[in-house]
Amino acid sequence: MTTITVNGKAVTVTATPDTPVLWVLRDELGMTGTKFGCGMALCGACTVHLNGEPVRSCSLPVSAAAGHKITTIEAMSVTPVGSAVQASWLALDVPQCGYCQSGQIMSASALLAKNRTPSDGDIDQAMAGNICRCGTYNQIRAAIKDAAASMSGRG
Amino acid sequence: MTTIFNWSSETECTAEVALGNPSRRDFLKVGGMALGGLTLAFALPGTNRLAQAAVGTFQPNAYLRIATDGQVTVTCGLSEMGQGVHTSIPMLIAEELDADWSSVRVEQAPVDKAFNNPYFKMQATGGSTSIRAHWQPMREAGAAARSMLVAAAAQTWKVPVSECRTESGQVIHGSGKSLAYGDLVTTAAKQDVPAKVVLKDPAQFRLLGRDQHRLDTPPKVDGSAKYGLDVRLPGMLTAVLARSPVPGGKVVSFDASKAKAVPGVRQVLQIPNGVAVLADGYWAARKGRDLLDIKWDAGPLASLSSSTISKMFTDAASKGGALARANGDVSTVKANHSIAATYEAPYLSHSCMEPLNCTASVTADGVEIWAGTQSQGPAQGILSHVAGVAPGKVKINTMYLGGGYGRRFAPDFTIDAVLLAKAAGKPVKLVYTREDDTRAYFYRPAGVTQFSAGFDQAGEPIAFTAKVSSPSLMEASGFMKLPADGVDNFAVEGTRDQPYEFPNLRIEYARAEPGVQIWFWRSVGHSQNAFFVESFIDEMAAAAKADPYQFRRKLLDKEPRHRAVLDLAASAADWGKPLPAGVHRGIAVAESFGSFVAEVVEASVSADGGVKVHRVVCAVDCGHTVNPQIIRRQMESAIIYGMTAALYGKITFKDGRVEQGNFDSYPMVRINEVPRIEVHIMQSSEHPGGVGEPGLPAFAPALGNAIFAATGKRLRQLPLNTSELKRA
Ligand code: FES
Ligand code: FES
């Protein structure tokens, strides 16, 4: 039994301690917004926030997350940065197949939470861990800038 | 090669589609959230549609229905894999229906003959056919509904239909009075379905040809979109399968004791394709699978290696083969000078972001699967054969596809899921690890093409030959046969029909079969053939000391659509004007899937051989446009997919085993490598062409040609061997 906090709620899960958070979320908690792409921290599809930092949940054993705060795509709309990012993603119709996009949005919102005026270099650095096989990269970049602009517009 | 499954000749898309089981639908609400903006339908009436349509709904055909609140629901038989079909098909219907676009939603259709792809004669999505094949029938479906709504309003008002027009979800009478479609539902449902409809003059289009937001965006930004991997059924087990590490290998014996000791592991089952560990969830199944101790008989391909495969193709190409096309007589040409070159491309994996998976349930009532599939129609027939039930007892639920690119047209993963569910006596979700997915064959064929060209004294090209060697995709597909002339259409597409005019030309095809299961990969034969042909044409331009753009242009006198996109790309890219120091241009043009695309790539090469792509200018003529934003995005998507193939993509074999596994050994282009991409769409009134694939073929040759312009080195292999570019 491990207790973790997911989207503000403490939950006790029965998964063995070595089980990656990804599979606790998906298989035990039924939260399928976080995706599986590689299982080796190589693609970013499984990105969640651990105490606000972007982490690859496929490579984070649930034991290491005990007592920490996990935030997933399912809770992004209630955070100011997350909702701005989602609004820009909608406005620009970023997704194609969409499968990578939960992870992209989690990485992008972690970037913008720290850096309201990211340069192209900042975006490259924050987003290079997220593969998009559909090649939506230029739209991702544009949507991050759009979200940054909309947040600064709001003051 | 062994064909690993049988496509039933008649796929028997029976209309046995019951109204959805509500409890099932509840199970698809996962994580405490209802389905997002798009309801994946399990509930479309098949036959007797009118009789089964819910009371208070107007449903003139299988493709749309209108509710009393005016909401228009389009039922789409095509699979949404990112190409935008869940938006563009509704747009075709909404245009002729004169619907209010903001009231249009979309749902996924079940398997039904009504949804057969007119190009394939089966329900399937691929070959960039969706718009080409449905341009007319979907518009007719919308127009039929519109005419019934007009008849209903005319009847209500007791006026002739000729006094009524429609706009944005309303019928409007000449006097100014109007009725919303929702208010006409009951009366419209009583009208006769018209035998013939008149379609709009494209000049009258209000929606088509204009950017519209995608209908599938909302669930794809909040995590609620349901892909195959997200399906959860009560009592379901997750399976991870150990497949032979060598193509065609068989299990001799296995010891599952360690696997069974993993907490959560419930069953270990052997099926023809290997041994599966079934557990409560993925993690235990994966751990268990990795602990299986299996003795394999590797079979005849135990010593397969990429070097022997390469030699097989090169030898076959050198010998030549079946005649694919001839003009004039190349054997009598007396060339003043000539050039020759050999090109080669590797096997490629599709590597969809969502690893292959399928959930299956087999009960006394029949078979039900949930999967991201591009071929639900034939899958129904195939799975009925696999499970030994009537096709009408197989229900296919098409989920969102986390990428398809042709891979999900193959039924292999659905077959294994059904076999496992049947053996387990419980619903089973079969999940491929990333490594499993990369090593699951169904690769883009490898191949070699040898070219030669002859020039007269004035430097004009007078002879062109190509000898193509690759396996037969038609035979590998299981639903096509190599034609009597012995020429595989896919192996020579883009080469046989290369567009340049040469007085003497000869194209041959030499089939060679290393034994690896091959499949359709984004842009199919064009994916390598455009690289071969358009690189060699560039070599010819260099041999003729001509500008590569002007050289092509001159030989395209009789191909106006090729020439027009070439001109557009060249002018948009300022061809011939100076670039920053070290940056060079390459150009290429290719027709595929009914569309014409030219690309100019700007690239630079560093002293250590590093290639940087700065900018891609793409010009496309895809006939009438539906949603220009989707067209631009599909071009961009295919260019980046092609960039991964050009720079990194290769599946290689050693001792019969695939050497690549995860994204570390099969890398993908990432955001920091992506160039600026500009897409220019030609105004055209031609029949629509495809858009999902045609952006890909021209990229690799345009890049290779830019590298040649930068370095004078001609790279004739994919992926481009940039280590050759290192300056000492
Ligand atoms: S699934 Fe975790 S990084 Fe790919
Ligand atoms: S949208 Fe398909 S992988 Fe990114």
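Predicted model: local features only at pLDDT ≥ 70, side-chain atom pairs only at ≥ 80, totals over all residues.
Which residues does Y347(B) touch, not counting residues up to four places away in sequence?

In chain B, Y347(B) touches I309(B), F313(B), Y443(B), R444(B), P445(B), A446(B), P514(B), V516(B), I518(B), K650(B), I651(B) and F653(B), leaving aside residues up to four places away in sequence.

Y347(B) belongs to the largest nonpolar core, a set of 181 residues. A second, separate core has 47 residues, including A62(B), V72(B), L78(B) and V185(B).

## Helix packing in chain A

Helix α3 (residues 80-91) and helix α4 (residues 101-114) of chain A pack at about 130°, their axes 9 Å apart. That angle makes α3(A) oblique to α4(A). The crossing is right-handed.

From α3(A) come V81(A), G82(A), V85(A), Q86(A) and W89(A). They meet Q101(A), Q104(A), I105(A), A108(A), S109(A), L112(A) and A113(A) of α4(A). The contact holds seven nonpolar, five polar and no charged residues.

## Backbone details in chain B

The peptide bond from L718(B) to P719(B) is cis, with omega near -10°. P719(B) lies in the segment after α19 (699-711).

Two serines have positive phi. S168(B) has phi near 45° and sits in the loop between β5 (164-167) and β6 (170-173). S351(B) has phi near 50° and sits in the loop between β14 (337-345) and β15 (357-363). Is each buried or partly exposed? S168(B) is partly exposed, at 40% relative accessibility. S351(B) is buried, with a relative accessible area of 2%.

Note on methods: Residues numbered from 1 in each chain as written. Chains lettered and ligands numbered in written order. Heavy atoms only, no water. Axes fitted to C-alpha atoms, helices over the stretch in contact; angles between N-to-C directions. Helix = DSSP H or I, 4+ residues; strand = E, 2+ residues; numbered from the N terminus. Parallel < 35°, antiparallel > 145°, perpendicular 65-115°, else oblique. Left-handed = near helix turned anticlockwise from the far one by under 90°. Contact = heavy atoms within 4.5 Å. Nonpolar A, V, L, I, M, F, W, Y, C, P; charged D, E, K, R; others polar. Core = buried A, V, L, I, M, F, W, Y, C linked by side-chain atoms within 4.5 Å. Buried < 20%, exposed > 50% of the residue type's maximum accessible area, 1.4 Å probe, protein only.
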